[in-house]
Amino acid sequence: MTPLRLSALFLFLMNTAGLLLHSQLIPRGRIRAGMFCFYTNLSNLLLTVYELLLFCAGFAPDGRLWAALTDVRLSCAMALCIWVTHLIYQFVLVPYEKRKGLKFADFGGNFGNICVHYLTPLLAVAQWLFLADKTGLSLLCAVWWLALPLLYAAFSLLRASGGKPIGHTGLLYPYPFLDLKRLGWGGLLRNTAVLLVLFFLLGCVLVGLGALIGQSL
């Protein structure tokens, strides 16, 4: 088994366990209502499915599925997608909640929380940096990847337009920086622009790191 397939199997098993705990399916026997309205959980679920498919596709390494999943544009997009989960959580959400005087589950929380916000994102980025093919990346890729935050922002606004809170949280919007009711359109568009710039810059960082590591191998 190649190191990439082995890492895919490990990430799939670890993150599945993390999601089961974070969703409260274990130990309560049911998934938290509204869980998949949050970017964290969607990105982790997407990565879990990707890693499972990557492992299975390795049984036929000359097949189309393996070629598609190891395509540098897709594999790097997956790393970027989950890396953003960690960065937003650690450097935006945790400080925001602490400023409000709330006890927030930063590093030191339960395994499910640590897994989806820390272990999986950082290991997925390491998987891409050290095991994935990195030929053919360009800054144009970082532009195309902006579709990810745009799609999520559109999903959040459309879901909130129905006026139904997310599960038992009482929240209409999943994150304070997407709260149209509180921010107004001006504030929302400003926050969205900042997020897009940051997402693009992070994409550029991965493109640059990929180029450097690719040259050294």
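The following dialogue explains how to read several features of this predicted model.

Q: On what basis are residues numbered and values computed here?

A: The model is predicted, so numbering runs from 1 along each chain as its sequence is written, local features need pLDDT of at least 70, side-chain atom pairs count only at pLDDT 80 or more, and totals for chains, interfaces and linings use all residues. Side-chain values use heavy atoms, with hydrogens and water left out.

Q: How many helices and strands are there in the protein?

A: Helices (H or I, at least four residues) and strands (E, at least two) are DSSP runs, numbered from the N terminus. The protein has 9 helices and 0 strands, and its elements run α-α-α-α-α-α-α-α-α from the N terminus on.

Q: What does the radius of gyration of the protein agree with?

A: The radius is taken over C-alpha atoms, and the globule rule is 2.2 Å times the number of residues to the power 0.38. For 217 residues a compact globule would have a radius near 17 Å; the protein has 18 Å, which agrees. Along the principal axes, the C-alpha atoms fill a box of roughly 50 × 40 × 30 Å.

Q: Is Ser7 buried or exposed, and what is it in contact with?

A: Ser7 lies in helix H1 (residues 3-22) and counts as buried because its relative accessibility is 16%. Contact means heavy atoms within 4.5 Å. Leaving aside neighbours within four places in sequence, Ser7 is in contact with Gln127 and Leu131.

Q: Which residues is His22 in contact with?

A: His22 is also placed in helix H1, and at 16% relative accessibility His22 counts as buried. Leaving aside neighbours within four places in sequence, its contacts are Arg32, Met35, Asn41, Gly112, Asn113, Val116 and His117. For the protein, residues 24 or more positions apart account for 69% of the contacts with a separation of 6 or more.

Q: Why does Leu157 count as partly exposed?

A: Leu157, found in helix H8, counts as partly exposed because its relative accessibility is 24%. Not counting residues up to four places away in sequence, Leu157 touches Tyr173, Leu178, Leu180 and Leu188. Leu157 and Ala60 are 97 residues apart in sequence and 41 Å apart in space, C-alpha to C-alpha.

Q: Where is Thr192, and is it buried or exposed?

A: Thr192 is in helix H9 and, at 18% relative accessibility, counts as buried.

Q: Which residues lie nearest the centre of the second largest pocket?

A: On a 1 Å grid over the protein atoms alone, where a 1.4 Å probe fits, a pocket is an open set with protein on both sides within 12 Å along at least five of seven lines; lining residues have an atom within 4 Å of a point. The second largest pocket is lined by 21 residues, of which Val84, Ile88, Phe177, Leu195 and Phe199 lie nearest its centre.

Q: Which helix supplies the largest share of the lining of the second largest pocket?

A: Helix H9 does, with 7 residues. Helices H3 (39-57), H5 (72-99), H8 (147-160) and H9 (180-216) each supply at least two lining residues.

Note on methods
Buried means under 20% relative accessible area, exposed over 50%, partly exposed in between (1.4 Å probe, protein chains only).
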